[in-house]
Amino acid sequence: MRRKSKFQLPSKYLLMILTLVCGILVYVSFTMNLSGGPLNTVAGYVFVPMQKGINYIGLWFSDKADNLNDLKDVMEENQRLKTQVDELTSELNTIKLEQYELDNLRELLELDQKYPSYQKVAAHVIGKDAGNWFSIFTIDKGSKDGIQVDMNVIAGSGLVGIVTDVGPNYAKVRSIIDDLSKTSGMLLTTSDRCIVHGDLQEMNSNQNILFSELKDSDDKAAVGDPIVTSHISDKYLQGILIGYINTLEVDSNNLTKSGTVTPAVDFEHISEVLVILDKKESGSKD
């Protein structure tokens, strides 16, 4: 039996030989300019597809580079627009804050004109007790500004409360909605007197406070009637608006009436107040 030859040409050498042969054929084809000859035919079959492949790869990389440049431009534009949006948002918030402060100042001015006979000083609220309501809070004016204990405090459309403590540059205010607050009130339509009580539970439930001991002998009191501070109070100046009757009912003694009052001031949002520098000199206790 005849043995097979064990000699095999390594593939890398075979590849090198074929490459060399192709190179020689191309060189001969171009130098001899054998138009239409077999070498040109071989070159057409071998190198034209290679050139197309190289061109395709080149175009692919070029497209990718263009896409990366476009993406970079888009990212830079996005960052620029984001910065512009942040700046416009900041400007809008500033405008809103300025408008809010302007509205508050206009409201205080109108309130100041509503009680022209009293001297007043404006103050900012700088702190408050825990909870939703401004029942007890601190303002940024004190004894250096002429503020004293028992001075009346107003804001919005009427009475806020009274000064209970004073330092050189601050003062504490207890509002009429606080549980410890009690004010002598008067029905503006009839001049009948009543007692207005602070009640935080009622504020939480219905945003109202309470009134009692209304002597409405002529039965003229009605829902919506305004209640102001009475002239018999020893701490509160006369005629400051407290609020409006919200509910009204006859007491069990059939002599007086009681109910709820919707305050004239928004006790959930207080930022500026006016402190009346005039103090009540005499009267009976609240």
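**Entry 1. Terms and source**

I start with pairing: two strands pair if DSSP finds at least two bridges between them. Helices (H or I, at least four residues) and strands (E, at least two) are DSSP runs, numbered from the N terminus. The model is predicted, so I note that local features need pLDDT of at least 70 and side-chain atom pairs count only at pLDDT 80 or more, while totals for chains, interfaces and linings use all residues. Residues are numbered from 1 along each chain as its sequence is written, and side-chain values use heavy atoms, with hydrogens and water left out.

**Entry 2. The chain as a whole**

I looked up the protein chain and found three helices and twelve strands. Of its 286 residues, 33% count as buried; buried means under 20% relative accessible area, exposed over 50%, and partly exposed in between (1.4 Å probe, protein chains only). The accessible surface comes to about 18,500 Å², and 55% of it belongs to carbon and sulfur atoms. Accessible areas come from the Shrake-Rupley method with a 1.4 Å probe, and for residues only the protein chains shown count as cover. I also checked contacts (heavy atoms within 4.5 Å). Among those between residues at least 6 apart in sequence, 58% join residues at least 24 apart.

I went to β5, residues 171-175.

On pairing, β4 (residues 158-166) runs antiparallel to β5 and is joined to it by five bridges. The two form a hairpin with four residues between them, and D165 stands opposite K172 in β5. Strand β2 (residues 136-139) is also antiparallel to β5, with four bridges; there F137 has V173 as its bridge partner.

**Entry 3. The barrel**

I traced six strands that close into a barrel, in the order β6-β7-β8-β11-β10-β9, with antiparallel pairing. Neighbouring strands of this sheet are turned by 40 degrees against each other on average, direction ignored. Axes here are lines fitted to C-alpha atoms, for helices over the stretch in contact, and angles run from 0 to 180 degrees between N-to-C directions. Three bridges join β9 to β10, and V228 has L241 in β10 as its bridge partner.

S230 lies in the loop between β9 (226-229) and β10 (241-250). Is S230 buried or exposed? S230 is buried, because its relative accessible area is 0%. Leaving aside neighbours within four places in sequence, its contacts include R193, Y236 and K280. A polar atom of the S230 side chain lies 3.2 Å from the backbone nitrogen of I232.

**Entry 4. Two positive phi values**

Most residues other than glycine have a negative phi. D219, not a glycine, has a positive phi of about 55 degrees. D219 is found in the loop between β8 (209-214) and β9 and counts as exposed, at 54% relative accessibility. N254 has a positive phi near 60 degrees. N254 lies in the loop between β10 and β11 (257-263) and is exposed, with a relative accessible area of 62%.

Conventions. A polar contact is a pair of N or O atoms within 3.5 Å; within protein, one must be able to donate a hydrogen and the other to accept it, and residues adjacent in sequence count only if both atoms are side-chain atoms.
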